[in-house]
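Please find below a short note for a colleague who is meeting this structure for the first time. The points go from the overall make-up to individual residues.

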Amino acid sequence: PVIFLLVCCLVLVTGQESDPPACTPDPDIPGPPIPQSPSQIISHYVFIDVTTNTSRTAMLYFDYPGNRFAKTSMFNGSETQQVYNFNTAQMFEWNPWPSHKPSCHTVNLTEEYRQHSQVPYTIDKHGRTHVLPLSAWLHDGPTSEATYNGTATVRGIPVNHWFFCNHVPNSNLTSSWYVRLELGT
């Protein structure tokens with residue numbers, strides 16, 4: 001099995017052109033193809049919104065074969081947990097803060113919800129939901145650009161570095177993938 005060292009920093013740029021433009025990567029560097037995404041992953045992300053100078057952290061749990069996804073995020077000292085069970089077509093969200101008024105609710109994964117969801121999934125002709133492969137989240141699709149940025153060292157581990165930019169209305173989402181060199185070649 002391929003094991004990724006996947007360290008990402010996601011940057012959201014909204015409304016105006018950044019300086020320098022966030023979706024202008026370094027010039028093309030010839031390199032290996034992007035490795036196939038794993039079917040299961042646990043990853044830590046840092047999301048930075050440069051227009052509001054805020055950030056949030058998230059721990060993501062992705063299980064394509066099990067048809068599940070979960071996210072624990074922290075923003076302004078408030079933790080939120082979301083668990084998507086695509087086998088039952090439901091998302092459960094729990095927010096324990098403030099401690100005197102925790103909240104919990106369930107959302108049905110309908111077509112209407114899918115249109116606004118940050119978690120990409122499909123609904124088949126029988127109404128069954130399924131999470132999309134990780135590659136669809138990170139770098140596939142007509143609104144994504146990928147650039148190989150050469151090699152680097154992350155925590156003493158030699159890695160290949162890819163830069164991704166996803167274009168969405170009024171925003172750009174950039175991310176970097178760092179994949180262990182011997183696995184990403």
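1. The model is a predicted one, in which local features need pLDDT of at least 70 and side-chain atom pairs count only at pLDDT 80 or more, while totals for chains, interfaces and linings use all residues. Residues are numbered from 1 along each chain as its sequence is written, and side-chain values use heavy atoms, with hydrogens and water left out.

2. The chain holds two helices and twelve strands, and along the sequence these elements follow the pattern β-β-β-β-β-β-β-α-β-β-α-β-β-β. Of its 185 residues, 37% are buried, where buried means under 20% relative accessible area, exposed means over 50% and partly exposed lies in between, with a 1.4 Å probe and protein chains only. The accessible surface comes to about 11,100 Å², and 55% of this surface belongs to carbon and sulfur atoms; the areas come from the Shrake-Rupley method with a 1.4 Å probe, and for residues only the protein chains shown count as cover. Among contacts with a separation of 6 or more, 42% are between residues 24 or more positions apart, a contact being heavy atoms within 4.5 Å.

3. Strands S2 (residues 40-49) and S3 (residues 54-63) run antiparallel and are joined by ten bridges; two strands are said to pair if DSSP finds at least two bridges between them. Within this pairing, Ile42 stands opposite Tyr61 in S3. The hairpin that S2 and S3 make has four residues between the strands, and Asn53 takes a positive phi near 55° there.

4. S3 also pairs with strand S4 (residues 68-75), again in the antiparallel sense, over seven bridges, and the bridge partner of Phe62 in S4 is Phe69. The hairpin of S3 and S4 has four residues between the strands, with Asn67 in the turn at a positive phi of about 60°.

5. Which residues have the most contacts inside the largest nonpolar core? They are Phe62, Phe69, Tyr84, Phe86 and Leu109, in a core of 15 residues; such a core is a set of buried Ala, Val, Leu, Ile, Met, Phe, Trp, Tyr and Cys residues joined through side-chain atoms within 4.5 Å. S2 and S3 are the elements that give two or more residues to this core, and S3 gives the most, with three. Apart from this core lies another one of five residues, among them Tyr148, Trp162, Phe164 and Val179.

6. The whole structure contains four aromatic pairs, counted where ring centres of Phe, Tyr and Trp (its six-membered ring) lie within 6.5 Å. Ring pairs link Phe69, Tyr84, Phe86 and Tyr121 into a cluster.

7. Asn95 has its place in strand S6 (residues 90-95). Asn95 counts as buried because its relative accessible area is 18%. Leaving out residues up to four places away in sequence, Asn95 touches Ser78, Glu79, Thr80, Pro102 and Ser103.

8. Ala89, in the loop between strand S5 (78-85) and S6, has a phi near 60°, a positive value in a residue other than glycine. Arg155, in the loop between strand S10 (144-154) and strand S11 (157-168), has a positive phi of about 50° although it is not a glycine. Arg155 counts as exposed because its relative accessibility is 83%.

Technical notes
Phe/Tyr/Trp six-rings, centres within 6.5 Å; stacked < 30°, edge-to-face > 60°.
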